[in-house]
Amino acid sequence: MVIMAASTSSLTFQPVLERIAEEIGRTPGRGRPADYIPALAACDPRSFGMAVAELDGTVYGVGDWREPFSTQSITKVFTLALDLAREGDELWEHVGREPSGNPFNSLIQLEYENGIPRNPFINAGALVVTDRLQTRTGDAAGGLRDFLRAESGNPTLDFDQDVAASESTHGDRNAALAHFMASYGNIDNPVPDLLDQYFRQCSIKASCADLALATTFLARHGVRADGTRLLTRSQAKQVNAVMLTCGTYDAAGDFAYRVGLPGKSGVGGGIIAVVPGRCTLCVWSPGLDERGNSVAGVAALDRFTTLTGLSVF
């Protein structure tokens, strides 16, 4: 059975998700959880959840789709949107929009490019965005949490203090990135304060249902769940475009080839994806490949676009 794009106006996502979960359940080799963050290392790589949210708030799910997990780098999408809404194009003077071609925590390109990170989704770029949001709000992580609570409709969504502490203890590389950029004048706040905000941001726990709902403003071209506008249509396009080209670290080309949607992964095993004007998705399985992306998550999104025909291409 293949559900073609011609039927998307009446497409019911639940059977599609159930078929994907069945296929994923038969698939060997799920990768390994992130072992460099001790709080994540104990996750079961066989866990799997997937949710689809329509623009009216209807959510479909399968597996562990209501199980909260560590969002990690997925949150970079939301801090980017929150800062872009405040400062507009000035942001792009401090962070680029190009794929990095290097691991997400690489120091190499920063020296060549005078402390300007390649894009907002590698760690260096996310630190810049969080720093700028912190300057404008006084509490970047708290503002992010409040935004996610409002968009998901889940008032209990919160930080995981154990994960934040674990990342802080093992955060020397991020500290090095921040100090290096500060030496070029591309960081405004004291580095320890910035790192505290960044680690709290990445520690937020949310479920596939929460994140699928929270992402729908990008499928609605910048309009939030309450009908107010966060981003202009052009800014929403910018965020989606950077997700497509940079959202899965140095595997973005392969992800675009296989999935064909703007997406953002995190080393907690989650991936969000956007079908502009139609729906949003979140999939979670903590087993990662060598590039830091969920093995089962990428496979599930690949099957989703194949079965439904929903893609930006």
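His221 sits in the loop between helix H11 (216-219) and helix H12 (233-246); helices here are DSSP runs of H or I with at least four residues, strands are runs of E with at least two, and both are numbered from the N terminus. Although His221 is not a glycine, its phi is positive, at about 60 degrees. This is a predicted model, so to speak of local features takes a pLDDT of at least 70 and side-chain atom pairs count only at pLDDT 80 or more, while totals for chains, interfaces and linings use all residues. Residues are numbered from 1 along each chain as its sequence is written, and side-chain values use heavy atoms, with hydrogens and water left out.

Asn114 is another non-glycine residue with a positive phi, near 55 degrees. Look for Asn114 in the loop between helix H4 (108-112) and H5.

Now for accessibility, where buried means under 20% relative accessible area, exposed means over 50%, and partly exposed is in between (1.4 Å probe, protein chains only).

| Residue | Relative accessible area | Class |
|---|---|---|
| His221 | 23% | partly exposed |
| Gln201 | 1% | buried |
| Thr130 | 1% | buried |

Gln201 belongs to helix H9, and Thr130 to helix H5. What does Gln201 touch, leaving aside its neighbours within four places in sequence? Its contacts (heavy atoms within 4.5 Å) are Thr71, Thr75, Lys76, Thr79, Thr130, Ala141, Leu144 and Phe159.

Axes are lines fitted to C-alpha atoms, for helices over the stretch in contact, and angles run from 0 to 180 degrees between N-to-C directions. On the H5 side the contact uses Asn123, Ala124, Leu127 and Val128, and H8 supplies Asn174, Leu177, Ala178 and Met181. Sorted by class, that makes six nonpolar, two polar and no charged residues; Ala, Val, Leu, Ile, Met, Phe, Trp, Tyr, Cys and Pro count as nonpolar, Asp, Glu, Lys and Arg as charged, and the others, Gly among them, as polar.

Helix H7 (residues 161-169) has Val163, Ala164, Ser166 and Glu167 buried. Seen down the axis of H7, these buried residues fall within an arc of 160 degrees, so they line one face of the helix; the arc is that of the directions from the helix axis to the C-beta atoms. Their cover includes helix H2 (38-41), strand S3 (69-70) and helix H9 (191-203). Turned away from the buried side of H7 is a face with the exposed residues Gln161, Asp162 and Thr169.

On to the strands, where two of them pair if DSSP finds at least two bridges between them. An open sheet of five strands runs in the order S2-S1-S7-S6-S5, with antiparallel pairing. S2 and strand S5 (263-265) are at the edges with a single partner strand each, so one side of each has no neighbour in the sheet. On average, and ignoring direction, neighbouring strands of this sheet are turned by 10 degrees against each other.

Antiparallel strands S1 (residues 49-54) and S2 (residues 59-63) are joined by five bridges. Met50 stands opposite Val62, and Val52 has Tyr60 as its bridge partner. The two strands form a hairpin with four residues between them, and Gly57 in the turn has a positive phi of about 95 degrees. Helix H14 (residues 295-308) lies across S1, strand S6 (270-275) and strand S7 (279-284), and runs at about 145 degrees to S7.
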